[in-house]
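Hi,

Here is the structure I promised to pass on.

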Amino acid sequence: MHLYEAWRRNLEDLVIQRGGVVLLHASLFVIGLLFGALALRSLDADTRLELTRQLSDSVRVLGQAPAPETGPLVRDALLRQARQVSLIWVLSISLVGAVAVMALPLLRGFISGFAVAYLTAEFGTRGVLLAAAGHLPQTVFEVPGLILAASASVGFALEVATSWQVRRRLSGYYGALAAYSNTLLSAAALLVAAALVEGFISPHLVRLVAGVRM
């Protein structure tokens with residue numbers, strides 16, 4: 001209970017004190033969505049044709065294959081999210097590296113925008129269903145977790161930098177690091193939920209959609 005209260009206070013402090021940073025990262029994600037959707041136009045006809053062929057073959061196989069084993073999928077998803085959280089933490093404590101963290105929501109938005117735009121453009125209604133089944137469920141958890149983690153990272157760097165400019169020493173560094181790490185744990189919980197959804201739920205939804213004749 002005390003741990004939950006500490007996490008809740010950290011999240012409230014982040015939103016209240018660093019609301020502009022949170023809004024910035026949410027905006028970067030939206031910008032990434034737009035660029036990802038527009039990037040579809042830059043693909044030449046041969047590349048789009050090859051991608052469509054490969055995806056069509058994959059969808060056909062999924063519709064006919066038995067249910068996938070969830071263990072390896074969940075493990076891979078959890079490892080990917082663990083590497084992402086570790087990278088964010090390492091970059092943030094270097095302070096200068098926190099700037100690179102801002103690129104993560106932009107990149108995530110680009111991937112989402114391109115994937116949804118491509119599936120919709122090439123497969124129509126079925127593409128929308130595939131995007132909703134294979135991409136949307138985990139995105140509901142992953143995007144807020146990523147925005148929260150990136151915002152906490154940049155907020156931590158700003159707090160330490162401000163303390164250094166005012167006092168010329170990092171007197172509150174470890175306290176700020178502890179608060180930031182707690183907030184990052186909250187973000188990690190959302191990313192773990194995204195990994196579990198990606199491994200346990202999304203493959204079955206995609207297989208269900210792939211088996212539908214349209």
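Let me start with a charged pair: R108 and E142 form a salt bridge, with 3.1 Å between the closest N and O atoms. (By salt bridge I mean a side-chain nitrogen of Lys or Arg within 4 Å of a carboxyl oxygen of Asp or Glu.) R108 sits in helix α6 (residues 103–134) and E142 in helix α7, so the bridge ties together parts 34 residues apart in sequence. Both R108 and E142 are buried, where buried is under 20% relative accessible area, exposed is over 50% and partly exposed is in between (1.4 Å probe, protein chains only).

Before I go on, a word on the source: this is a predicted model, where local features need pLDDT of at least 70 and side-chain atom pairs count only at pLDDT 80 or more, while totals for chains, interfaces and linings use all residues. Residues are numbered from 1 along each chain as its sequence is written, and side-chain values use heavy atoms, with hydrogens and water left out.

The structure holds two salt bridges. In the other, the side chains of E198 and R80 meet at 2.5 Å, N to O. Here E198 belongs to helix α8 and R80 to helix α4, so this pair links parts 118 residues apart in sequence. E198 counts as partly exposed, at 22% relative accessibility, and R80 is also partly exposed, at 34%.

As for the fold, the protein has nine helices and zero strands (DSSP runs numbered from the N terminus: H or I of at least four residues for helices, E of at least two for strands). Of its 214 residues, 36% count as buried.

Now the inside. The largest nonpolar core has 20 residues, and I88, F156, Y180 and L184 touch the most other members. (A nonpolar core is a set of buried Ala, Val, Leu, Ile, Met, Phe, Trp, Tyr and Cys residues joined through side-chain atoms within 4.5 Å.) Helices α4 (70–93), α7 (136–167) and α8 (173–200) each supply at least two residues of this core, and α8 gives the most, with eight.

Which residues does L184 contact, leaving aside its neighbours within four places in sequence? They are V85, I88, W89 and A149, with contact meaning heavy atoms within 4.5 Å.

Cheers
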